[in-house]
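I opened the notebook to record what I looked up in one protein chain. The entries follow the order in which I checked things.

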Amino acid sequence: MGRRMRGAAATAGLWLLALGSLLALRGGPPATRAPEDPRPRRAARGGDPAPAPRSPLPPPLARDARGGSLKTFRALLTLAAGADGAPPRPRGPPRGHVPAERAAVRGGVFWSRGLEEQVPRGFSETQAAAWLAAVRGARVVALERGGCGRSSNRLARFADGTRACVRYGISPEQIQGEALSYYLARLLGLQRHVPPLALARVGARGAQWAQVQEELRAAHWAEGSVVSLTRWLPNLTDVVVPAPWRSEDGRLRPLRDAGGELSNLSQAELVDLVQWTDLILFDYLTANFDRLVSNLFSLQWDPRVMQRATSNLHRGPGGALVFLDNEAGLVHGYRVAGMWDKYNEPLLQSVCVFRERTARRVLELRRGQDAAARLLRLYRRHEPGFPELAALADPHAQLLQRRLDFLAKHILHCQAKYGRRPGT
């Protein structure tokens with residue numbers, strides 16, 4: 001009896017710690033996301049800077065409007081592309097599907113080059129450099145509440161009219177996690193999905209904050225604190241988890257090309273999956289629990305959570321996925337990785353199709369066994385004025401390398417199991 005009571009107490013304690021992680025990150029208790037959520041849809045970060053709810057109901061996506069069942073991955077893949085009640089055409093491939101000569105996957109485990117070329121461009125290295133240069137000399141003329149997530153953040157307007165989300169961490173490790181996650185994305189070649197970022201130091205002296213001293217006092221930002229600034233992005237829309245990871249029983253279905261299952265998906269769906277596989281790899285490496293993993297955690301009380309908008313993920317006007325608010329990554333995420341890896345690892349293992357360039361970067365970082373050192377060099381080259389956020393603690397640097405090793409082994413396992421020699 002005593003052992004059972006102690007076991008129950010330990011389980012309850014872990015559950016409360018997990019809730020506490022989300023509470024610390026979001027500045028409030030995690031939303032339960034009840035099935036009938038009366039709150040309005042999250043406004044895109046453009047036009048109206050009003051505060052956005054954390055768990056909005058997303059607009060139905062075109063591919064979700066078929067009226068078809070979402071029971072399992074395989075069942076979904078057998079649906080016709082235009083399953084709206086009309087009889088199928090007797091000849092020719094379904095409209096919007098990829099013909100055989102433009103297959104989605106090559107070699108069994110890599111997205112085809114033709115499909116990768118269809119992925120929206122997103123953010124470029126040139127944009128990142130321009131943003132860094134612009135923020136360095138920009139004067140903030142207004143700080144407003146709302147439109148940038150947590151209540152401690154602010155929407156800033158510069159003298160030239162440019163707007164930026166300024167994130168003030170509850171603790172310095174959140175800004176460090178945001179910044180280092182950004183530079184890790186660049187190391188991995190994923191910068192197209194992460195908005196350009198620059199750091200700044202809050203202060204009463206100097207021209208940058210001179211016109212908003214009253215707003216700074218109202219925000220209760222500590223003098224000398226480091227904040228992150230990312231360009232405010234208009235016209236973003238919510239994103240719902242694709243069908244392979246959205247099932248009625250909450251179980252993850254493996255994403256792989258065995259049996260030609262992916263051939264039944266439309267071009268738009270495949271382009272989406274290319275981006276999602278990069279996201280899942282990125283969130284595993286950074287141990288980010290405040291995106292898809294938090295949805296998996298919430299399944300225990302809300303079976304429909306995977307049909308709702310995904311936290312900290314949006315779609316830009318051009319169709320590219322935008323990975324926002326990465327402050328849970330690397331530092332805070334690594335501190336609590338033991339509580340969240342029971343969700344992160346199965347999510348990673350549900351993917352056996354990859355962007356070849358991403359896989360190559362991972363394998364290169366594994367071979368070098370110097371990922372933390374390379375991350376540090378990249379950060380220092382771009383943000384030399386903020387050395388206090390530069391380096392991961394030794395245990396976290398080692399954990400980053402171990403996660404890269406685990407990911408590399410997973411990629412090689414998929415190649416061994418599903419890969420094919422060229423021409424087969």
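What share of the contacts in the chain with a separation of 6 or more comes from residues 24 or more positions apart? I found 76%, where a contact means heavy atoms within 4.5 Å.

Notes on the source. I am working with a predicted model, in which local features need pLDDT of at least 70, side-chain atom pairs count only at pLDDT 80 or more, and totals for chains, interfaces and linings use all residues. Residues are numbered from 1 along each chain as its sequence is written, and side-chain values use heavy atoms, with hydrogens and water left out.

Whole chain. I listed 13 helices and ten strands; these are DSSP runs numbered from the N terminus, with helices (H or I) of at least four residues and strands (E) of at least two. Of the 424 residues, 54% are buried (under 20% relative accessible area; exposed is over 50%, partly exposed in between; 1.4 Å probe, protein chains only). The chain exposes about 19300 Å², and carbon and sulfur atoms supply 55% of that area. Accessible areas come from the Shrake-Rupley method with a 1.4 Å probe, and for residues only the protein chains shown count as cover.

Disulfides. I looked for pairs of cysteine sulfur atoms within 2.5 Å and got two disulfides. One joins Cys148 to Cys165, with S to S at 2.1 Å. Cys148 sits in the loop between strand 3 (140–144) and strand 4 (154–158), while Cys165 is in strand 5 (residues 163–167), 17 residues apart. Cys148 is buried at 3% relative accessibility, and Cys165 is buried at 2%.

The other joins Cys352 to Cys414, with S to S at 1.9 Å. Cys352 lies in the loop between helix 10 and helix 11 (356–368) and Cys414 in helix 13 (residues 394–418), so this pair ties together parts that are 62 residues apart in sequence. I noted Cys352 as buried at 7% and Cys414 as buried at 0%. With bonded cysteines counted along the chain, the pattern is 1-2, 3-4.

Helix 10. I found a kink of about 35 degrees at Tyr343 in helix 10 (residues 337–349), shortly before the proline Pro346. The bend at a residue is the angle between axes fitted to the seven residues ending there and the seven starting there. Buried residues in helix 10 include Trp340, Tyr343 and Leu347.

Helix 5. I looked up Gln174, which is found in helix 5 (residues 172–187). Gln174 is buried at 3% relative accessible area. A polar atom of its side chain lies 2.8 Å from the backbone nitrogen of Ile170.

Conventions: A polar contact is a pair of N or O atoms within 3.5 Å; within protein, one must be able to donate a hydrogen and the other to accept it, and residues adjacent in sequence count only if both atoms are side-chain atoms.
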